[in-house]
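The following note sets out numbered points for a colleague who is reading the model alongside its sequence. Each point takes up one part of the structure.

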Amino acid sequence: MTARLRLVLALILAVFAFLPARAQTHSRLTLQTPAAARPGPNFDVKAATDAWLAIIPPDKKARSDAYFEGGYWFQLWDFLILAAIVVFLLQGRVSARIRDWAERLTSNQNLQSLLYFVPFYLLVFGLQFPMSIYEGYVREHHYGLSTQNFAGWFRDQAVGLAVGLILGAIAITILFAIVRHLGANWWVWGALASVVLLMFTALIAPVYIAPLFNTYTKLTDPKIKDPILSMARANGIPATDVYEVDESRQSNRVSANVSGFWGTERISLNDNLLKRCTPEEIITTMGHEMGHYVLNHIYKDIFFYALFFLAGFAFLNWSLHWSLARWGERWQIRGVTDVAVLPLAALLLALFFFVTTPIGNTWTRTQEYEADIFGLNAGRQPDGEAAVDLKLGDYRKLDPSPLEEFIFFDHPSGRTRITAAMRWKKENMNILDEPSAEPKPPSMLGNSPPLESH
Ligand SMILES: [Zn+2]
């Protein structure tokens, strides 16, 4: 989700294209459930949740809290750095000069947009790069999350730059053609075109973009694959393969995702998950990813972002005219149809998305919670869910305040997720056996319907 959202920004703002940035040796780990979370007549949801959370030693928790809280500030710093770069491009009339250069090379306005975009994008990328090194490389190593050397990281950045340059140039050429031809209503069509570009990116990403960074292989181990495919069939998903992605080349984070749509969709789990997790954890994670699929989250995303972008472009239309009336002449920008306005437009949209961060986060966090509940019903592994939630705590604060979770979390916190798992466990004691080391494929447990109210 995060990578996809970053790509959206690359397309729409044309300034952020920082894409993050196989061995099938599956260990036979066993799940260790803390005493207070074992089934029994006195099972208490809060006590069980606290017992799970208490597994993480205080120093490790402090470290992951510091990492995640630092991320709050980077959202602010990144925005302020972009603002400084844009002020430099406008006040220094760099943007106007790049436009003049493009106009000297060709009289075709579409080509002018395309030509303008290349130096503009490289300049912004270059000026942001020192911060990218700190944020994406130095800091990740400091917290022990990255497994990549500088050459490998730099290579991923270069590939991300190339992808952003190509997709951004296409997007900007199309968007400026719309602005020139559709008059006062350009912002409505601009917002809708942005959503179409986003859909196009989501469509091609699993097949053409993600493999530029990682290798995807079909999972072959039947002990892992068969229960996953069985659960997929039980939930009406026509999957015949599950993909393993070698993300250990970038980090030691545990993760899985569902990507693509209209025939390019695939469920992938990363090799860290396979190496570090028990079968129960893998099943519950796959149940979660299938939840995204069955609950049609990608199609709901399209509708949500269409509305969100309409609001953003309405703000953009108003704020562009307001700014240009005051400073347009000084910046030598002729109006909203002039491609030299791009840095200003990028900053104003970035401002809109920055201020509305809690809305965007709440949208995705709500879907993630729905997928969690689906995963619990489909996989029936509440303890596996709790155990994997703790591993996600490597890079996400486990126990934030509700306000903090509302503003900053694009996924539910560890406490929220484990509470949901333990609540599910309490209400389903009758179908759960005593804890056992062996995984129970969903097909052995019968089927229960997923939650209906989403
Ligand atoms: Zn998810």
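Predicted model: local features only at pLDDT ≥ 70, side-chain atom pairs only at ≥ 80, totals over all residues.

Is Gln 332 buried, exposed or partly exposed?

1. Gln 332 is partly exposed, its relative accessible area being 39%. Although Gln 332 is not a glycine, its phi is positive, at about 55 degrees. The residue belongs to the loop that runs between α11 (297–331) and α12 (342–355).

2. Arg 380 is located in the loop between α13 and α14 (382–392). With a relative accessible area of 6%, Arg 380 is buried, whereas Gln 332 is partly exposed.

3. The metal site comes next. Three residues coordinate the zinc ion: His 288 through NE2, His 292 through NE2 and Glu 368 through OE, at 1.9 to 2.1 Å. Along the sequence, the spacing of these donor residues reads H-x3-H-x75-E. Because His 292 is part of helix α10 (residues 279–294) and Glu 368 is part of helix α13 (residues 357–379), this pair ties together parts of the chain that are 76 residues apart in sequence. Both His 292 and Glu 368 are buried.

4. The axes of α10 and α13 come within 7 Å and cross at roughly 120 degrees. Angles of 65 to 115 degrees would count as roughly perpendicular; α10 and α13 are therefore oblique to each other. The crossing in which α10 passes α13 is right-handed.

5. α12 comprises 14 residues and spans 20 Å from its first C-alpha to its last, which is close to the 20 Å expected at 1.5 Å a residue. Of the 14 residues of α12, 11 are buried, so the helix is largely enclosed by the rest of the structure. Among the buried residues of α12 are Leu 342, Pro 343, Leu 347, Phe 352 and Phe 353.

6. How many bridges join β3 to β4? There are 4 bridges between β3 and strand β4 (residues 266–270), and the two strands run antiparallel. Asn 257 has Ser 268 of β4 as its bridge partner. Ser 259 stands opposite Arg 266 in β4, and Ala 256 stands opposite Leu 269 in β4. β3 and β4 make a hairpin with 6 residues between them, and Gly 260 in the turn has a positive phi of about 80 degrees.

7. On its other pairing, β4 meets strand β2 (residues 243–245) in the parallel sense, over 3 bridges. Tyr 243 has Ser 268 in β4 as its bridge partner. Ser 268 is also the bridge partner of Asn 257.

8. Which way do the residues of β4 point? Arg 266, Ser 268 and Asn 270 point one way from the strand, while Ile 267 and Leu 269 point the other way, and all of them are buried. In a regular strand, side chains alternate between the two faces of the sheet. Since 5 of the 5 residues of β4 are buried, the strand is largely enclosed by the rest of the structure.

9. The last point concerns Trp 187, which is placed in helix α7 (residues 186–209). Trp 187 is partly exposed, and its relative accessible area is 23%; the limit for a buried residue is under 20%. Trp 187 and Phe 315 are 128 residues apart along the chain, yet their C-alpha atoms are separated by 9.1 Å.

Methods. Residues numbered from 1 in each chain as written. Heavy atoms only, no water. Donors = N, O, S within 2.8 Å, 3.2 Å for Na, K, Ca; no water. Buried < 20%, exposed > 50% of the residue type's maximum accessible area, 1.4 Å probe, protein only. Expected span 1.5 Å × (residues − 1). Pairing = 2+ DSSP bridges. Axes fitted to C-alpha atoms, helices over the stretch in contact; angles between N-to-C directions. Parallel < 35°, antiparallel > 145°, perpendicular 65-115°, else oblique. Left-handed = near helix turned anticlockwise from the far one by under 90°.
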